[in-house]
Amino acid sequence: MAASMSTTPGSSAGKTVALIVAAGRGERAGGGMPKQYRPLAGVPMLRRAVRTFLGHPRIDAVRVVIAPEHHALYHAALDDLASGSQSLGPAIDGGAERQESVRRGLEALADDPPSRVLIHDAARPLLPAAVIDRVLDALQVAAAALPVLPVVDTLKRATDTAAMTTVDRGNLWRAQTPQGFHFAPLLAAHRRAAAEGVEVTDDTALMERSGAVVARVAGSENAMKITTTEDHHRAEALLNASLEVRVGTGFDVHRLGPGSSVILAGVVIPHDGSLIGHSDADVALHALVDAILGALADGDIGAHFPPSDPQWRGAASDRFLADAVRRVAARGGVIRHLDLTLLCERPRIGPHRDAMRARIAAICGVPVSRVSVKATTTERLGFIGRGEGIAAQAVATLALPPEDEVDG
Ligand code: MG
């Protein structure tokens, strides 16, 4: 089948783009910063939403519509995701209202139109990947697909007086996002609505206007929209309850040879020898890298940065640690604690302990209070005792979302 398809190389034909709407300026969920950029259990809400789509195998590209004055916030929240992925395109400037923001997002895609587009609210950061699958499955036969949940509470309609009537909830649904569409008809519906001055609250409403059948698929309570401070707290509680703690250990040794300084945990310490290795031989950072990779069950430092590869010759080891930290972030995890023990008779570690903790904390983006550096000797026994080399061991404690939430 692939052989019969003639698409322009690099063209978006046949592809699915997720368009995430994050152009709101509201600060309702508390605390100054617009809510989509505020940390939710340590990770900005928008970043969580973007990551869900970037990590989904059936999504080819992700674009975000933002308020024009939020570019700095956007870059701070997402830049590393963009550099690590071909599929996160540049931010699109939105409009004053949601409908206008979506239309501008679609127009930005119109030159190289994808086949399908999913429109998602950044304020629904806990969207399960399975909802994306259900929407895409429905799009194979329907013009549009909408995730919904039944209304479980009894609904009342209140009048000006104290009188109330009960509303039959049997035919009522709560609409969520992502809402899925074939790209061309949605863009046409948005252009028509803009020309006619028609305003609606969601995108399926525009398709309904044009008489299209909108397929309903099961939404998820976890795809709740975070609007109030109470929503924010509930989402954080959900996230924290679902994280699992993983512990990894790392160990490394490097030989001492001629030289005048060693690099330990990124700190240069005068010494009557130097550590020998293919990189800068920072035994402390190497042990930390392996501890983090161990907690991720993601191989070891030698697998990711083979000593046989000349590009790592003399490399500063903070690059290896930064890479391990990126791998944690890519899994949606956080580093809870790092505990490093250096084993050597000399140099004395105590005077450099705080500098090492600060350096590790800076590389890993964690508070210094979550980094421990200890040192011990081996009572002059063995190769360490004889000053032939320095060893380091490390324990990394991570909190990670369960695998099925990341990949499923
Ligand atoms: Mg090493």
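What covers the buried residues of α10? I found that the cover includes α8, α9 (301–304), β17 (334–343), α11 and β19 (389–400). The buried residues of α10 are F320, L321, D323, A324, V325 and V328, buried being under 20% relative accessible area with a 1.4 Å probe, protein chains only. Helices here are DSSP runs of H or I with at least four residues, and strands are E runs of at least two, numbered from the N terminus.

Ground rules: this is a predicted model, with pLDDT of at least 70 needed for local features and 80 or more for side-chain atom pairs, while totals for chains, interfaces and linings use all residues. Residues count from 1 along each chain as its sequence is written, and side-chain values use heavy atoms, leaving out hydrogens and water.

Next I checked how α10 (318–330) meets α11 (353–364): they pack at about 50°, axes 9 Å apart. I took axes as lines fitted to C-alpha atoms over the stretch in contact, with angles from 0 to 180 degrees between N-to-C directions. D318, L321, A322 and V325 of α10 touch R359, I363 and C364 of α11, contact meaning heavy atoms within 4.5 Å. Just after α10, I noted that G332 has a positive phi of about 80°.

Last, the magnesium ion: its protein donors are D252 (OD), H254 (NE2) and H286 (ND1), 2.1 to 2.2 Å away. Donors are N, O and S atoms within 2.8 Å of the metal (3.2 Å for Na, K and Ca), and water is not among the atoms, so sites may look incomplete. H254 sits in strand β13 (244–257) and H286 in helix α8 (283–296), so the pair ties together parts 32 residues apart in sequence. Both H254 and H286 are buried.

Conventions. Buried < 20%, exposed > 50% of the residue type's maximum accessible area, 1.4 Å probe, protein only.
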